[in-house]
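Subject: Structure handover

Hello,

Here is the structure for you to look at. Please open it first and then read the notes below it.

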Amino acid sequence: MAAPHSDAKPRYRSDDGRELELLKHIFSLPDLERSIRNNPAAILNEIDKFSTTESHLIHVGPEKGAMVTALIADEKPSLMVELGGYVGYSAILFGDAVRRAGGQKYISLELNPVNAAIANLLIDLAGLRDFISIVIAPAHLSLARLLEKGVLKSGIDMLFIDHWKQRYLPDLWLIESLGLLKPGKSIIVADNILHRGLSESDYIPWVEASPEEKQKILQKHTFKSLTGIDIRNTVINGGVEGAEAAGIDLELVPGKSELVYEPISKYHTGRDDAKEKDVGIHILTNKS
Ligand SMILES: C[S@@+](CC[C@H](N)C(=O)[O-])C[C@H]1O[C@@H](n2cnc3c(N)ncnc32)[C@H](O)[C@@H]1O
């Protein structure tokens, strides 16, 4: 018996090779050399078209993307870091915007080596190879390694969080503990804040909480004892291995309850104005 007809959009699948199909598609476009190479906007347009007409992709997309590029033009971050690079759409869009705004570097942290390889080729095609770096590993390990190498020693100006929802909060806690946010300056952009997977975590309560409320959130979690350990200095001096030797679990360290964030309301989208019902962008300044 034939399967019942359904108008529902097929669910995204991460294992069906659609990202490689995208790569093949882009490199077989007839006007590749004439109008696509070294043209970030044309590449982004092709990714959007592929996602609409061939297979759905899980990139940030043009509407939310435009909000973030406007923010970049206003705030002019020098160093922008993203958690979750996928096929390089946000890296190309935001990396190009950071470069245009006079920034120094865009770093994309991606767990999946196939996605990272695709992103690297598309970033190269866009002419952004010298500006954007992709680091392949779980974000918490990459953050520690980049701090040890000195790449993050001056802090992150703008952070784009867009990886797996259960990692938003623990990776933000690590970033806080490593002292990577600049008081009063750093901006955090988080995609999919209305996603069910995220509402099950304490990410939104954490970024909206007062220091006292944050203490209560921390009490819900069980952390390894870190008495007397300076996480930032341990990582700067010994990297991931030094942290392990000191008993630090980089995957789950307590955040800094004294840090307070503020929403930047002019860019904040929620259920009402996001294009899809359960996605939005939440932007916060670190005020303390
Ligand atoms: C929603 S996609 C990112 C989309 C991308 N920011 C864009 O807009 O073009 C999520 C990506 O996060 C990656 N990811 C998941 N967990 C991660 C982790 N712990 N560290 C780094 N990357 C991770 C996944 O492999 C996937 O490629």
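**What was found**

The protein has 12 helices and seven strands; helices (H or I, at least four residues) and strands (E, at least two) are DSSP runs, numbered from the N terminus. This is a predicted model, in which local features need pLDDT of at least 70 and side-chain atom pairs count only at pLDDT 80 or more, while totals for chains, interfaces and linings use all residues. Residues are numbered from 1 along each chain as its sequence is written, and side-chain values use heavy atoms, with hydrogens and water left out.

**Overall**

Of the 288 residues in the protein, 51% are buried. Buried means under 20% relative accessible area, exposed means over 50%, and partly exposed is in between (1.4 Å probe, protein chains only). The protein exposes about 14,100 Å², and carbon and sulfur atoms supply 51% of that area. Accessible areas come from the Shrake-Rupley method with a 1.4 Å probe; for residues, only the protein chains shown count as cover. Among contacts (heavy atoms within 4.5 Å) between residues at least 6 apart in sequence, 77% join residues at least 24 apart.

Thr69 belongs to helix α4. Apart from neighbours within four places in sequence, Thr69 is in contact with Leu93, Phe94 and Ala97. Ala101 is 32 residues from Thr69 along the chain, and their C-alpha atoms are separated by 9.8 Å.

How many residues of helix α8 (residues 168–177) are buried? The count is 10 of 10, and among them are Tyr168, Asp171, Trp173 and Glu176. Just after α8, Gly179 has a positive phi of about 70 degrees.

**Surface patches**

Patches are made of residues with over 30% relative accessible area and no salt bridge; like charges are joined within 9 Å, and nonpolar side chains (Val, Leu, Ile, Met, Phe, Trp, Tyr) within 5 Å. A salt bridge is a side-chain nitrogen of Lys or Arg within 4 Å of a carboxyl oxygen of Asp or Glu.

- Nonpolar: Ile58, Leu111 and Trp164 form this surface patch, with about 300 Å² of accessible area together. Ile58 lies in the loop between α3 (40–53) and α4 (62–75), and counts as partly exposed because its relative accessibility is 31%.
- Negative: Glu148, Glu241, Glu244, Asp249 and Glu251 form this surface patch. Asp and Glu count as negative, Lys and Arg as positive; His and the chain ends are not counted. The place of a charge is taken as NZ of Lys, CZ of Arg, CG of Asp or CD of Glu. Glu148 lies in helix α7 (residues 139–149).

Regards
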